[in-house]
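Hi,

Here is the structure I promised to pass on. Have a look at it first, then read my notes below.

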Amino acid sequence: MGTTLHATNSSESQVSEFILLGFPGIHEWQHWFSLPMALLYLVALSANLLILITIYREPGLHQPMYQFLGILAAVDIGLATTSMPKILAILWFDAKAISLPECFAQIYAIHSFMCMESGIFLCMAVDRYVAICYPLQYPSIVTEAFVIKATLSMLLRNGLLTIPVPVLAAQRQYCSRNEIDHCLCSNLGVTTLACDDITVNKFYQLALAWFVVGSDMILVFASYALIIRTVLRLNSIEAISKALSTCSSHLILILFYYTAIILVSVTHLAERKVPLIPVLLNVLHIVIPPSLNPMVYALRTQELRVGFQRVFNLSEFTSRKPTDYI
């Protein structure tokens, strides 16, 4: 048999590994996805490393906004790396088997990094809110200590709240079925193979999504509603343009991020009719944001572009230092 089984005390068979079949419905030619997936992963790694190196080496970028951007880049590298190596191994080498501990670890890592990305977007929204709505108090509120505390609080929140997801999945009994029609170990994709009741798994997955990602999304959009209200009260068109330019890149990314989450959630309702769509969107949602985030910031933030050029000596520059945001 292709799957290793061992007898349990109750004489039922307990699987010792799962088989990731890849993209459902297109198994025969799914290897053609390997090139775009590899390119997206390469872009995600190289672009985010470039962001980290530039922020670290350029003193003018040692500001809270860029420090949060550096943390986001590190999270993006982690998010892409939790899944893409295994996906490429499936597409290139047909390495579909994954042990139960590895699968549960991947479930934990994906949930942790996804929630962490949402949390960092919230921190960046709060940073822009204070900068635009309370510019005089900004230097005393958003300090280096604030960045550290906000980051640690997000690490603790996401690290602790996501632990029950793989723990509950590991407590299920997997008796006979072990083939997952997916490229990665998704929580619901794995637990639907269980022989026993998974109601608690579904409930906690839903509660985690609403409590963490849902609350982050509400607070992010509330921050931007207050920002827009404050900006529209400004008398100068130039001041309005400057205020909006400081947060336009962030607004583009959060709109894409949360819209993608909503689309992935909605398409799961049609999974039985068109199983490829939710799986494809799920994979793309893991690899596209990490490759898109640094590109959007690099293209739309002059200070970051100047930092790239200074660090890597791409051209000659004036002695102008990056101007502070509000």
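In what order do the three strands of the open sheet come? The order is β4-β3-β5, and the pairing is mixed. Strands here are DSSP runs of E with at least two residues, helices are runs of H or I with at least four, and both are numbered from the N terminus. Two strands count as paired if DSSP finds at least two bridges between them. β4 (97-99) and β5 (179-180) are at the edges with a single partner strand each, so one side of each has no neighbour in the sheet. Strand β3 (residues 17-20) runs parallel to β5, and two bridges join them. Leucine 20 sits opposite isoleucine 180 in β5.

Before you go on: this is a predicted model, where local features need pLDDT of at least 70 and side-chain atom pairs pLDDT 80 or more, while totals for chains, interfaces and linings use all residues. Residues are numbered from 1 along each chain as its sequence is written, and side-chain values use heavy atoms, without hydrogens and water.

Now for some leucines. Leucine 232 lies in helix α8 (residues 199-232) and is exposed, with a relative accessible area of 62%. Leucine 49, in helix α1, is partly exposed at 43%. (Buried is under 20% relative accessible area, exposed is over 50%, and partly exposed is in between, with a 1.4 Å probe and protein chains only.) Leucine 232 and valine 274 are 42 residues apart in sequence, and their C-alpha atoms are 45 Å apart in space.

Cheers
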